[in-house]
Amino acid sequence: MQTIKINLPNWLTDRCKLNQIFKEDKEKMLFAIELAKLSIRNGGGPFGAAIFSKEGKLVSCGVNLVTKEKLSILHAEIVAFIMAQKKLKTYSLSEAGYFELFSSSEPCAMCLGAILWSGIKRVVFGAYSDAARNIGFDEGPVFEASWNYLKNKGIIVEGGLLKDKAAEVLVSYKELNGVIYNP
C-alpha cells in the first residue's frame with residue numbers, strides 16, 4: 001500500500017493547542033489570521049484556517065502548504081479538514097457534531113466544494129477573494145450562486161469578518177515577494 005505523508009510544520013502543532021476554547025467569532029478569526037501570518041513568517045502561503053466545535057473548542061488548524069509540500073490541494077482549509085476528520089475519525093464532520101470553519105480569506109473554488117463534502121455547518125471568512133486576486137492569486141470560478149448552493153444545503157456563510165486585517169496579511173505576503181502559485 002502506498003502512503004501519502006503531509007509534513008505539518010512544528011510551529012503549527014505547537015501553536016494549535018487543541019481543545020482550547022474561543023468564545024467570540026472575532027477571537028476565532030484573529031486566530032485564523034494569526035495562523036496566516038505565522039505561515040508567511042515560516043515560509044508558507046498567506047492563508048490560515050481553523051475548525052471549531054459549536055462550543056468554540058479548537059478542533060484543528062490549517063495553513064497553506066502548497067509550496068512547502070509541493071501539493072496544489074494543500075490549502076489552509078483542506079489541511080484543517082484533513083486534521084479534523086482524522087482526529088474525529090470520520091469523513092463527514094456532521095456525523096461527529098456541529099463544526100465551524102474560520103478562514104482568513106474567502107475560500108477558493110476547490111475549498112468551496114470541500115466545504116460541502118466536509119460536513120461543516122458554518123463558514124466564516126475574513127478577506128474577500130478580491131484581496132487574494134489583487135495580489136495575483138486565481139481563486140477559480142466562485143460565484144454568488146456557488147455560495148447560495150451551500151446556503152441552500154443548510155450551511156451558514158458569513159464573510160468579511162475583520163476583512164481589512166485579513167487583507168493586510170495578503171498584501172504583506174506580496175510585499176515579501178511570496179510565491180504566487182498557479183497565477
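This is a predicted model: local features need pLDDT of at least 70, side-chain atom pairs count only at pLDDT 80 or more; totals for chains, interfaces and linings use all residues.
Local features need pLDDT of at least 70 and side-chain atom pairs count only at pLDDT 80 or more, while totals for chains, interfaces and linings use all residues. Residues are numbered from 1 along each chain as its sequence is written, and side-chain values use heavy atoms, with hydrogens and water left out.

Helices (H or I, at least four residues) and strands (E, at least two) are DSSP runs, numbered from the N terminus. Five strands form an open sheet with mixed pairing, in the order β2-β1-β3-β4-β5; two strands pair if DSSP finds at least two bridges between them. Strands β2 (58–63) and β5 (156–159) are the edges, each pairing on one side only. From one strand to the next, the twist averages 15°. Five bridges join β1 (residues 48–53) and β3 (residues 99–105) in the antiparallel sense, and I51 stands opposite L101 in β3.

Helix α4 (residues 76–88) lies across β1, β2 and β3 and runs at about 145° to β2. Helix α8 (residues 163–175) lies across β3 and β4 (122–127), at about 65° to β4. Axes are lines fitted to C-alpha atoms, for helices over the stretch in contact (heavy atoms within 4.5 Å), and angles run from 0 to 180 degrees between N-to-C directions.

The axes of α5 (residues 109–118) and α7 (residues 144–152) come within 11 Å and cross at roughly 5°. Helix α5 is therefore roughly parallel to α7, a label for angles under 35 degrees. The contact is made by L112, I115 and L116 of α5 and by S146, W147, Y149 and L150 of α7.

Note on methods: Angles under 35 degrees count as roughly parallel, over 145 as roughly antiparallel, 65 to 115 as roughly perpendicular and the rest as oblique.
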